[in-house]
Amino acid sequence: MSEERPPLPPFTRETAIQKVRLAEDAWNSRDPQRVALAYTVDSQWRNRAEFPVGRQQIIEFLTRKWRRELDYRLIKELWTFGDNRIAVRFAYEWHDDAGNWYRSYGNENWQFDAHGLMQRRFASINDLPIAESERKYHWPQGRRPDDHPGLSDLGL
């Protein structure tokens, strides 16, 4: 029996927005095991200069990421969708162990299997150093509250 991760393709605007929010919520948990369950066992990624393949490499990648990117908070927004693919834009804020803050901006292209698991994830990301006073994400660690503005509302 295959795992299922609703909503399933083909996506509508409503289900694509729901899929994006579910991904954002999982990433804001900063739990590599939980996040990895959204991907096929042989999922292929491109994330900056790293190319993890499969859940175990995804878990290792995310574990390293969240050890380095402290107080991580992410917002994702649907860009477009069609059939079994979704494109998103995102921005997240974090600081390093020296207290230097960053806002990382990027785009992701996602491809899903028939069971709603992500087969491919291609991410392009740029990091912008910011002052702590320039931060826009102030919710408690974890899921972004429903009433918190999204990227477009924040002018990002």
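## The nonpolar cores

A nonpolar core is a set of buried Ala, Val, Leu, Ile, Met, Phe, Trp, Tyr and Cys residues joined through side-chain atoms within 4.5 Å. The structure described here is a predicted model. Its largest nonpolar core holds 30 residues, of which Trp27, Tyr39, Leu62, Ile86 and Trp110 touch the most other members. Two or more residues of this core come from each of helix H1 (13-29), helix H2 (32-36), strand E1 (39-47), helix H3 (54-68), E2, E3, strand E4 (101-112) and strand E5 (118-130). Another core, of seven residues, lies apart from it and includes Ile75, Tyr137, Leu151 and Leu154. In soluble globular proteins, nonpolar side chains tend to be buried together.

With neighbours within four places in sequence left aside, isoleucine 86 is in contact with Phe11, Ala16, Lys19, Val20, Leu78, Thr80, Phe81, Glu108, Asn109, Trp110 and Phe112.

## Helix H1 and the segment before it

Helix H1 has 17 residues, which at 1.5 Å a residue should span 24 Å; the C-alpha atoms at its ends are 25 Å apart, which agrees. Its buried residues are Thr15, Ala16, Lys19, Val20, Arg21, Ala23, Glu24, Asp25, Ala26, Trp27 and Asn28. Isoleucine 17 also lies in H1, but counts as partly exposed, at 40% relative accessibility. Although 71 residues separate isoleucine 17 from valine 88 in sequence, the two are 9.6 Å apart in space, C-alpha to C-alpha. After H1 comes arginine 30, which has a positive phi near 55 degrees.

The segment before H1 contains threonine 12, a partly exposed residue with a relative accessible area of 42%. Threonine 12 and phenylalanine 81 are 69 residues apart in sequence, while the distance between their C-alpha atoms is 7.9 Å.

Strand E2 (residues 70-82) pairs with strand E3 (residues 85-95) in the antiparallel sense, over ten bridges. Within this pairing, isoleucine 75 stands opposite alanine 91 in E3. Isoleucine 75 is also one of the residues of the seven-residue core. Two residues lie between the strands of the hairpin, where aspartate 83 takes a positive phi near 50 degrees.

## Aromatic pairs and charges over rings

The count of aromatic pairs comes to eleven. Tryptophan 94 and tyrosine 102 form a stacked pair, because their ring centres are 4.6 Å apart and their planes lie at 20 degrees, with planes under 30 degrees apart counting as stacked. Both tryptophan 94 and tyrosine 102 are buried. The rings of tyrosine 137 and tryptophan 139 are likewise stacked, with centres 5.3 Å apart and planes at 25 degrees. Tyrosine 137 is buried, with a relative accessible area of 0%, and tryptophan 139 counts as buried at 3% relative accessibility.

Charged side chains are placed over some of the rings. Lysine 76 lies over the face of phenylalanine 90, at 5.2 Å from the ring centre. The charged end of arginine 135 sits over the ring of tryptophan 101, at 4.1 Å from its centre.

Notes. Residues numbered from 1 in each chain as written. Predicted model: local features only at pLDDT ≥ 70, side-chain atom pairs only at ≥ 80, totals over all residues. Heavy atoms only, no water. Pairing = 2+ DSSP bridges. Helix = DSSP H or I, 4+ residues; strand = E, 2+ residues; numbered from the N terminus. Buried < 20%, exposed > 50% of the residue type's maximum accessible area, 1.4 Å probe, protein only. Contact = heavy atoms within 4.5 Å. Phe/Tyr/Trp six-rings, centres within 6.5 Å; stacked < 30°, edge-to-face > 60°. Lys NZ or Arg CZ within 6 Å of the ring centre and 35° of its normal. Expected span 1.5 Å × (residues − 1).
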